[in-house]
Structures are given as C-alpha cells and as structure tokens.
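Thanks for coming. I will take a few minutes to walk through one structure, so please have the sequence and the view open.

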Amino acid sequence: MESIQWGDLTPETFLKEYWQKKPLLIKQAMPNFQGTIEADELAGLAMEQEIESRIIAQNPDNTWHVEHGPFDDFAKFGENNWTLLVQAVNNWSRDTDQLISLFTFIPRWRIDDVMVSFSTPNGGVGAHLDQYDVFILQGEGKRRWQVGAPDSTLETLIPHPDLKQVSEFTPMIDEITEPGDLLYIPPNHPHNGVSIENSVNYSIGFQAPSNQDLWSAFADKLIDETLGEQRFSDADRDVTDSPYQLKAKDMNQIKSFMLSQLSDEPLFSQFISQYLTQSHHTLELLIPMEAFTTEQVMGFLEDDEIQFAPVSGIKALVCSTPTSSLVINGDSFELSDETSELGVYLAGSQAMTTKKAKSFTSCLKNVQLLTSVLNKGYWYIE
Ligand code: SIN
Ligand code: CO
C-alpha cells in the first residue's frame, strides 16, 4: 500500500495541529487509490448474517428509512438516495485491513475498524456527530462533504428511531471528494456527506473508551477471575465519638482499598491490553480442527510455498510494563528475551514467510509461541 501524501504537512504537524482539534481534507492523499473492495463484494458482505450492515435511505418526502442487514435484495432501493454501510469490513477483506497500515503514526490499539459505505447519487446518512475520530478515504466516485465545528446550539434530530442527526450547521469544509482524497473529522464535529454519483467511502474509525466502559470492563475482569474477593479491613481502628458519621479517614481508607486493584500494575496492564485488543465485531478465527504440535510447526517452516498470516482485522499489541507480553484479540502471551522479537513481529499483524519465521525460531520458545498463536486461530497457514 502506498503511503499518505501529506503535502505541506507531516504526521507530526498533523497530530499537533489537527488531531482531535480541527477537521482536514487532504486532496489526493492517495493519488492512485482504486479502492480495496468492489461495490458488489460489499453488497455480498451485507448479505451475511454475522456482518453488521444497514441501509439508510431518504424518501421523496424527505422522511428517512433505515433497514438493517442481512440483505437479500438491493433492487427495491432504486438507483438514488440511499447508502449501504457495512461495519468492520477489514475483518473480511485483507486489502481493506491494509488501509490501517496508512496510520502507523498512531498506535494500532487506538484504531477500531474500517467501515465501508456505498452511496448512490444523493445518498448519505444526513448531518450528524460521531464521538470518535474518523478518517474518511474516498474510493470510487465523488461525494460532497461538509464538516463544521462543534456547536452546542445544534439541535439533535431523530428522523427515525435508529437515526440520530443534527440540525443544519455552518461548514468550515465544503468540498467534493474524489478518489484518493482523505478527510479527517475529529470527535463531535458535525458532518454530512452527500454522494454526487455512486461512491464508495472507507471510514477508518478510532476507539476511545468511555470511563464507564473501562470501569465496567475492569469490574467484569475482577468478577470473572475472582480477583476482588478480598474484604475491607481496619485493624488500626480508634474509638469513635460520632458513630453516625462517615469520616474522611474511613472514606479514604475504602478508596485506597479500591484503588489498590487499579494500581496493581501486572493486573492493570493485563486488563487494559486485553480490553484494547478485543474486536467489537465478529472475526473469522481459523482454529485448526486438531491442535498443531511444535514438531508440526517446525515441519511447516521447511516449506517455502506457505506463509503464516494473521486473521484479517485482528488486533494485537506488545506491552512491556511490568513484564513483556504479546496480546492478541484479548489474549495474553508472555514474552521472554528470546521471544520478544517474534512477539513484536506478530503484533505487527503482517504475513510472515517461512524464511522470515525461521529467522526467529532458533530457539524452541519461538516455535512454541507461533504454535500457540496458530492453535488459537489468530494466525493461520496459507
Ligand atoms: C459514510 O456515509 O460513508 C460515512 C458516514 C459517516 O459520516 O459517519
Ligand atoms: Co460520521
């Protein structure tokens, strides 16, 4: 995949001046971009039960219609005024997943997925806000994009129970995007994309967990792994003269008791790395019918016709605090000095030739790590 043509900008200046602050349109950021999936393949994905998709259409009387997939027929929607949106297409299309590698100046954990839309002329989802950052890359066709600044006077409109829009806003960007143009929209900036002709848009969406998501996931981990059963204790208690009062000292002691779990570094690092690598959509995990042995995997290494590949869309990272681990799709694998290099490669989620794999496997621990990852179905042999 070619890289982003930043023009006068660099990733550094982008992060400093635009990221989470201002929208930006980079014309011809990918001059030769031809798209990574054809409209009919996208329609095919929207026919699948496990893939989340919806069609948003505007009726001639300006009312809105929303339908959720799977779809078996698109003809009834006609030739104009509708958009098909398919979530996490990168979990099913390797080429679409490769779009994520355009954004390696931001850590992988921060990226959620790639949603792809196909819009007919005048199709769009209406003016709205998103709570996360998004890059929208224009594939085939042209679309008029308007983006405004956050504005607390905008009204929320619900023209359909499944559709949240906002009232008309003053755009600071109002341009027609063409294949290869890249639009960046920070959270809470109103935006509206209306297709000029049949058009495909790739939305690289970021993940920003809310505090309530994080606390509730942390509580789930404590409960699931019975890590929070220890009871509050106060062996150093003094006689109280006001039994009806909850004193600051007691309150602080309870708070420290709770925070001690959050500040347990090995626990927190395991929790957060697992949380951040969990896919929010179905993945096509390829778990072998019968688990591979390390001997079998060593045998595969001698075959240069095959390669090892990560499942499309899988999220991985390495984390070195307090101990080194590779985390793939919410699953931690401990790393040692001997396996750290392979761990980093696997976290990069790029296919690996057997020649490359052999460069890591002088030590048995590396073969064992590769075997575990294959047996979990996160990587496969192709
Ligand atoms: C799209 O229609 O491709 C993107 C919708 C959005 O603005 O989130
Ligand atoms: Co949006």
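First, the ground rules. This is a predicted model, where local features need pLDDT of at least 70 and side-chain atom pairs count only at pLDDT 80 or more, while totals for chains, interfaces and linings use all residues. Residues are numbered from 1 along each chain as its sequence is written, chains are lettered from A and ligands numbered from 1 in the order in which they are written, and side-chain values use heavy atoms, with hydrogens and water left out.

Buried means under 20% relative accessible area, exposed over 50%, and partly exposed in between, with a 1.4 Å probe and protein chains only.

Next, the domains. Domain 1 covers 11-206, and domain 2 covers 211-225 + 262-382, with bounds from an automatic or database domain assignment. Their C-alpha centres are 31 Å apart. In contact, meaning heavy atoms within 4.5 Å, are 17 residues of domain 1 and 18 residues of domain 2. Across this interface the rule finds 1 salt bridge, which is to say a side-chain nitrogen of Lys or Arg within 4 Å of a carboxyl oxygen of Asp or Glu. E382 forms a salt bridge with R94, with the closest N and O atoms 3.3 Å apart.

Last, salt bridges elsewhere. The structure holds 14 salt bridges. One of them joins E178 and K27, at 3.3 Å from N to O. E178 is partly exposed at 30% relative accessible area, and K27 is partly exposed at 37%. E67 and K76 also pair, at 3.0 Å from N to O; here E67 is partly exposed at 21%, whereas K76 is exposed at 55%. How far apart are the closest N and O atoms of R110 and D133 in their salt bridge? The distance is 3.8 Å, and both R110 and D133 are buried. Finally, salt bridges with shared partners join K27, E178 and D181 into one network.
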